[in-house]
Amino acid sequence: MSTFLIIVTYLIFPGGLFVVAGGLVYEYADRKLVARFQNRVGPRWFQPLADFVKLLVKEEIVPAGVNAGLFVWLPVAALAAALAAALYVPMAGLRPSWSFNGDLIATVYLLMMMTLCIGVAGANTSDRFSLVGAVRALTQLFAYEAPFLLALLGPAILAGSWRISEINGYAQGHLWMIVTQPLGFLVALVGLMGKLELPPFDAPEAETEIVSGALTEYSGRGLAFFRLGRDIELFIGLTLISAFYLGGLANPLQFLVKTLVLLLVTAGLQSLFARLRIDQTVGLWWRIGALLALVQLLILVILKTSGVPL
Amino acid sequence: MAVQIPLRKLIDRAALWSRINSPWLVHFNSGSCNGCDIEILATLTPRYDVERFGIKLWGSPRHADVLVCTGPVTRQARDRLIRVYEQMPAPKFVIVVGSCGTTGGVFQGCYNVLGGINEVIPVDVFVPGCPPRPESIIDGVVQLLTKLKNSAAPPKGPARNQEKSA
Amino acid sequence: MSLVTSMESISELAKSWDTHAVSPAENRYDIVVTRGNLLTIVAELLRTRWGFLTAITARDVSTASGSAPGKEGEIPADRHFEIYYHFCRGPAVLTLRLSLPHEKPSVPSICGILPSASIQERELAETFGIEVEGLPKAGRLFLSDDWPAGLYPLRKDTTPQSIRDFTAVAPPPPATVENDATPGKFTVPIGPQHPALKEPAHFELNVDGEIVTGVSLRLGYVHRGIEKAAEGRPWVQNLYLMERVCGICSHIHSMAYALGVETVAGIAAPPRAQAIRVLIAEMERIHSHLLWLGVAAHEAGFDTLFMYTWRDRETIMDLLEQVTGNRVNYSVNLLGGVKYDVDPSRADAIRRGLDRLEPRINHYLGIVTTDESFLRRTRGIGVFSTDQADFLGVVGPTLRASNVHRDVRVDAPYSAYRDFPVTPVYDDACDLAARVTVRVKELQESCRLVRAVLDALPPGDRAVDFPRRVPEGEAIIRVEAPRGELFYYVRSAGGISPDRVKIRTPSLANWAYVMSVAVGHKLADIPMIVVGIDPCFSCNDRTFLIRQGDRKGILGWDDLRRYAMQRYGRRAE
């Protein structure tokens with residue numbers, strides 16, 4: 001690959017600009033859908049962009065008593081991890097830019113960086129709401145991460161590969177895995193919501209208890225990066241789940257339709273429930289989420305070893 | 001140099017555009033009777049839905065651009081009002097909702113009330129009424145944005161805040 | 001409990017205490033107590049569960065000078081303080097009257113017997129400077145931290161001038177940043193600026209992980225000074241001041257005040273006015289409870305329900321606006337009647353609005369009683385036993401959800417509630433879910449009441465003439481505000497303004513509930529528990545305002561009167 005192409009890959013497509021734009025568009029779609037579910041009109045199409053630009057040009061306050069280096073660089077790290085993850089998933093239904101055996105694990109790790117950074121950022125400030133928010137964010141991380149990974153493991157076992165592109169290819173040629181592994185799909189989708197701290201799993205940033213959780217003290221650029229990073233994760237997460245469970249992503253049209261349908265479902269789930277307390281979240285994941293994913297895996301392994309075609 | 005000036009202008013225009021299209025609010029009640037507060041909340045709800053204009057109500061002053069104040073300033077709330085204002089990142093604006101916040105209203109002259117909000121912090125827009133209707137509150141925000149659009153002067157507020165840790 | 005048995009039991013009790021009871025009104029008994037036997041009597045009343053403590057009123061009395069402050073530096077010989085402990089049982093009100101000397105007044109604290117009395121006793125100490133012996137020492141609850149010590153706003157000799165003198169001597173201390181450096185304790189502050197509170201109060205929660213181990217409360221951020229202000233303003237002006245005690249339940253405040261003043265003056269509003277008052281009060285209850293339901297849903301992170309309830313609340317806001325011209329602060333009441341009439345076309349509009357609203361309310365009842373995710377945040381949270389609720393004098397839906405059968409509209413019907421009986425709503429689950437259910441069911445009941453009033457609106461005048469001066473006398477008014485029993489004590493010294501207006505708001509009575517159940521709950525439950533009483537801080541804090549006729553640009557009463565006479569006199573020419 002020529003240097004020029006590599007630069008394009010990193011900065012414009014499918015990394016960089018494309019993912020940023022995608023993240024903003026999907027944030028808009030998510031907010032609009034939730035607003036419509038709540039009987040409101042909702043934001044205008046350029047709203048996330050306006051929010052992002054405004055935060056960029058706003059003053060960034062570094063509170064007293066924090067490690068300024070960490071405070072400034074954590075949002076950057078979170079955003080960078082999210083952008084890097086975009087390179088391994090079949091963005092827009094095209095072949096991922098990079099692929100190696102085990103890139104699924106790398107991607108899941110990169111997606112986790114976001115929550116870690118938020119947790120550390122919260123712990124870095126001396127603000128009480130941030131501290132409680134950080135503790136909750138990390139608690140939630142330990143709660144959903146294992147079931148989420150288990151849920152992604154199912155398709156990987158079926159495809160017999162750790163490569164996202166190969167799993168995507170396998171999914172295109174077989175029955176949709178949402179049919180063969182409904183439990184895994186459910187856990188993965190809800191896991192994504194937990195990862196993104198969307199309602200009802202928004203205890204780490206429960207407004208009425210701890211203001212904005214770990215991000216309470218962030219203003220300006222830091223907040224903009226964290227928000228953008230989260231949008232990108234939403235974008236990537238939806239891509240990943242539709243590639244695995246909704247029959248793979250063969251072309252941009254499929255990509256658009258499948259991810260938007262998933263977004264519709266998550267938006268519906270967001271507006272249907274009251275917020276779970278953090279203890280309820282943990283309970284839900286370990287008692288139900290992990291169990292479901294394990295049962296799914298067990299069934300899968302048994303079927304696969306006994307030679308039932310899937 | 002010749003290239004830098006248009007770029008600077010472009011950034012300024014983008015900044016102004018984004019500011020006008022994304023006013024985030026934080027609400028502080030410094031002694032109000034609640035009437036204004038429930039009308040502010042009502043602007044979030046389906047009939048008025050201010051998210052249409054990009055207006056969002058946040059809990060943390062750090063996230064907000066506009067401080068929406070209600071009520072006269074009581075002795076006890078004064079320091080808090082100043083602290084909340086100082087915690088906001090520049091550029092920041094203040095909208096006062098209701099007659100009490102404008103002048104002290106019926107509570108004018110009271111020993112525990114220091115008067116209107118502008119006795120304590122600088123105010124950009126006053127929305128009179130007891131309480132103002134949600135439409136007037138939205139109009140107040142629009143007035144602020146119009147003012148912002150038309151003013152050539154740079155937004156006020158200290159360039160760098162004196163940090164007041166919470 | 002009928003009135004007769006209640007009254008009989010009082011006179012029996014009074015005999016056993018070696019005092020005698022006088023009955024100033026049909027439903028009232030007064031007993032004069034002394035510092036010596038106060039505690040015994042209070043303990044006896046509470047032990048036998050005769051009733052509950054509604055309010056503690058204090059007065060700065062000097063008969064010689066009436067409502068006006070005495071001459072500079074001159075203390076009338078008969079000047080003293082009076083403290084009234086109001087106990088209620090059904091329709092009956094028993095007042096224990098205690099007289100204290102003006103020099104170094106002090107009373108024994110009853111919070112050893114009744115912990116919930118401490119909030120009211122602190123109010124007493126802060127605003128009157130009456131020492132309450134045995135009250136746990138704590139920071140200020142109502143007055144600001146920089147308020148000069150030794151100055152008591154509700155004393156009659158506290159004037160704008162004396163406040164200025166005091167403040168000049170003791171300038172406000174510099175702003176302090178709270179420091180919760182208590183070792184080994186992690187304190188989460190909530191308020192005064194916090195998204196869970198649309199109004200300011202300050203809680204400090206000590207937490208161990210997510211579990212709350214201690215709560216402390218600081219009020220006073222909305223302390224404006226309405227009780228003192230009322231003493232400086234004419235009877236009619238106070239109507240509008242009382243409305244602004246609270247913007248959510250504004251009508252019920254001005255209604256209670258109007259009823260109080262009418263009782264003192266011995267003038268009753270015509271039946272049509274009374275019915276319209278009840279009509280607006282019930283419509284206000286609908287608006288207030290819907291608002292509350294939305295806020296409760298928001299606290300639980302259920303924003304969809306918040307949006308939907310507030311959308312439907314706009315229906316009732318429109319109706320209120322159609323009838324009164326205002327969405328909030330309706331100013332319906334006049335002394336001696338009401339300002340607005342409800343003609344058949346408006347009545348039809350209200351009926352149509354209710355037709356739309358009632359199915360929605362039924363739908364919400366379904367949601368709050370069946371939605372699993374919402375119930376997980378409310379069921380079994382903040383359990384408050386019937387016995388505790390009854391004893392601590394908690395009021396309103398908070399109380400009725402603990403299955404205590406007490407509702408002023410039923411026990412002591414006021415205004416037109418005699419003609420339009422209320423079916424009260426109780427629940428025996430005693431938890432937060434019950435509080436939600438009770439309020440939603442009360443919505444249904446209020447809708448029914450509004451229809452009943454509209455169907456049988458008595459004919460006649462809207463209002464009767466009311467004199468500018470009100471003869472000497474006192475009245476105790478209890479009404480059922482959306483948040484619970486609201487208590488007004490109105491006293492006239494025969495002048496153009498009240499001698500004393502005491503307001504005990506429902507939220508104040510309900511703090512006892514929050515403070516006693518919060519510990520042991522999860523941090524996430526605290527906003528839910530606080531919202532469970534539907535707190536109204538502006539009600540709590542009220543204010544004491546001093547009219548300053550000499551302030552530049554502000555017209556005093558006399559100026560205004562002169563101005564009005566000139567203006568209308570000229571026009572008449």
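How many residues does the contact take from chain A and from chain C?

**View 1. The contact between chain A and chain C.** It takes 23 residues from chain A and 24 residues from chain C. Two residues are in contact if their C-beta atoms, placed from the backbone, lie within 7 Å. On the side of chain A that touches chain C, helix 6 (128–159), helix 10 (207–210) and helix 13 (278–305) each supply at least two residues. That side divides into 10 nonpolar, 5 polar and 8 charged residues. Nonpolar means Ala, Val, Leu, Ile, Met, Phe, Trp, Tyr, Cys and Pro; charged means Asp, Glu, Lys and Arg; the others, Gly among them, are polar.

This is a predicted model: local features need pLDDT of at least 70, side-chain atom pairs count only at pLDDT 80 or more, and totals for chains, interfaces and linings use all residues. Residues are numbered from 1 along each chain as its sequence is written, with chains lettered from A and ligands numbered from 1 in the order in which they are written.

**View 2. An open sheet in chain B.** Its 5 strands pair in parallel, in the order 2-1-3-4-5. Strand 2 (56–58) and strand 5 (125–127) are the edge strands. Strands (E, at least two residues) and helices (H or I, at least four) are DSSP runs, numbered from the N terminus. Pairing needs at least two DSSP bridges. Strand 4 (residues 93–97) of chain B is joined to strand 5 by 3 bridges. Val97(B) has Val127(B) as its bridge partner.

**View 3. Helix 9 (residues 303–324) of chain C.** 17 of its 22 residues are buried, so helix 9 is largely enclosed by the rest of the structure. Buried means 20 or more other C-beta atoms within 10 Å of the residue's own, with C-beta atoms placed from the backbone. Gly325(C) follows helix 9, with a positive phi near 85°.

Terms used. Expected span 1.5 Å × (residues − 1). Buried ≥ 20, exposed ≤ 12 C-beta atoms within 10 Å, placed from the backbone.
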